[in-house]
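Let's take a friendly walk through this model, one region at a time. Keep the structure open beside you as you read.

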Amino acid sequence: MTAHRRIRVLDPRLANQIAAGEVVERPASVVKELVENAIDAGSRRIEVELESGGARLIRVRDDGSGIGEEDLPLALSRHATSKILSLEELEGVASLGFRGEALASISSVSRLELSSNTSEDPTEGWRVVAEGRQMEPRVSPAPHPRGTSVTVRDLFFNTPARRKFLRTEKTEFGHVEEAFRRQALSRFDIGWTLRHNQKTLHQLKAGDDSVARERRISSLLGKAFLEHALHLDIEASGLRLWGWVGLPTHSRAQADQQYFFVNGRVVRDRLVAHAIRQAYRDVLFHGRHPVFVLYLEVDPSVVDVNVHPTKHEVRFRDGRMVHDFLFSSLHRALGESRAGAQAGPTQ
Ligand code: ADP
Ligand code: MG
């Protein structure tokens, strides 16, 4: 029998560490959260830099709106956000973040330093440092161009059980690169850089016309992707689906080139997956997987993004309608491509 113990409210830093278990699994999750913040800040350029797969260092720099001096300590506290104020706002939320948990969680399991400047004067700026659970954030002046840099060192230094779950540098970097790819595909109008151990691996110019988009797709997914893909753009009953779907002849053994975005947020959703599988059912060999980069645009109020802390899942108010729209759009596009192919080389 265990002895009776009084109930107590958890120390906030400990509560953060526990919450970190949900959102901070590995370096890639840190990158995802920091980049989402950079996107929400209206950045035009985002640079991601890592050392040792991110276990030693993760740095995300942006040229967004910045955080004011008075808000800096708050940015690191739990349930502190500038993005929503009410339940009504949550229902129509257009920003990627809204839970106010990422920075609090990350800083509770790493050595975090955040520098920011809201003005155009590069001699201004402030820095806040937090380290694990022991330290209260300290704010000091530090010049920084307009925007924000967050540096996360020694992830899980104070939670050895979690650190043990980190894989090799190569594996962790692979996950980071995949997170980067998703985010770079989600916003063509932002310029991106990814560096690992001082080497630049991706440098993507901003550009939202079709040439620039296709250039980015090729550079992130390889030239073969577009050579065997159809472009589509379909709108019906308040829904718009656009992007590229691979021809059935270009299927893969693994489901590794499948990107689906709902209002700019990368999503893995059973309903979506089912609709796409159905559309390819008759044209794909068993066990093969289609490739696609698809963007679904819907009114924010018809989709609930507050389903899971990592926000990878969504719930549609009218799932049936979304499913049918996806299925029929893809089914028709793929059917037309087959009809075209059968009509012979003159088409
Ligand atoms: P959330 O994104 O859910 O609001 P976070 O913990 O990720 O919560 O961030 C807390 C707050 O810090 C944000 O609401 C935002 O005001 C500010 N912030 C974080 N990162 C940035 C950034 N790169 N640029 C500007 N503001 C930021
Ligand atoms: Mg956030």
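## An exposed arginine

With 12 C-beta neighbours inside 10 Å, Arg268 counts as exposed, because the cut-off for that class is 12 or fewer. Keep in mind as you look around that this is a predicted model. To find Arg268, go to the loop between strand E12 (265-266) and helix H10 (270-280).

Which residues does Arg268 touch, once those up to four places away in sequence are set aside? They are His312 and Glu313. Glu313 lies 45 residues from Arg268 in sequence, yet their C-alpha atoms are 5.9 Å apart in space.

One spot to look for is Trp244, whose bridge partner in E13 is Val293.

The domain assignment divides the chain into domain 1 (12-204) and domain 2 (222-342). Taken over C-alpha atoms, their centres are 29 Å apart. Where the two meet, domain 1 brings 13 residues to the contact and domain 2 brings 12.

On the domain 1 side, helix H1 (12-23), helix H4 (87-91) and helix H7 (169-186) each supply at least two of the touching residues. H7 gives the most, with three residues. Sorted by class, this side of domain 1 has six nonpolar, two polar and five charged residues.

## The largest nonpolar core

In soluble globular proteins, nonpolar side chains tend to be buried together. Here, the largest nonpolar core has 71 residues, and Val31 and Ile106 touch the most other members. Helix H2 gives the most to this core, with seven residues. Why does the core lie between domain 1 and domain 2? Both domain 1 (12-204) and domain 2 (222-342) give residues to it, so it lies between them.

Leaving aside neighbours within four places in sequence, Val31 is in contact with Val48, Gly54, Ile58, Val60, Val176, Ala179 and Phe180.

Strand E1 (residues 45-51) pairs with strand E7 (residues 191-196) in the parallel sense, over six bridges. Within this pair, Arg45 has Gly191 of E7 as its bridge partner.

E7 also pairs with strand E8 (residues 199-204), this time in the antiparallel sense and over five bridges. His196 stands opposite Lys199 in E8. The hairpin of E7 and E8 has two residues between the strands, and Asn197 there takes a positive phi near 45°.

## Around ligand 1

How many residues surround ligand 1? There are 23, and the closest are Asn37, Ala41, Thr81, Gly97 and Ala102. Helix H2 (27-40) and helix H5 (102-108) each supply at least two residues of this shell.

By class, the shell around ligand 1 holds nine nonpolar, nine polar and five charged residues.

Technical notes: Residues numbered from 1 in each chain as written. Chains lettered and ligands numbered in written order. Predicted model: local features only at pLDDT ≥ 70, side-chain atom pairs only at ≥ 80, totals over all residues. Near = placed C-beta within 6 Å. Helix = DSSP H or I, 4+ residues; strand = E, 2+ residues; numbered from the N terminus. Nonpolar A, V, L, I, M, F, W, Y, C, P; charged D, E, K, R; others polar. Domains from an automatic or database assignment. Contact = placed C-beta atoms within 7 Å. Buried ≥ 20, exposed ≤ 12 C-beta atoms within 10 Å, placed from the backbone. Core = buried A, V, L, I, M, F, W, Y, C linked by C-beta atoms within 7 Å. Pairing = 2+ DSSP bridges.
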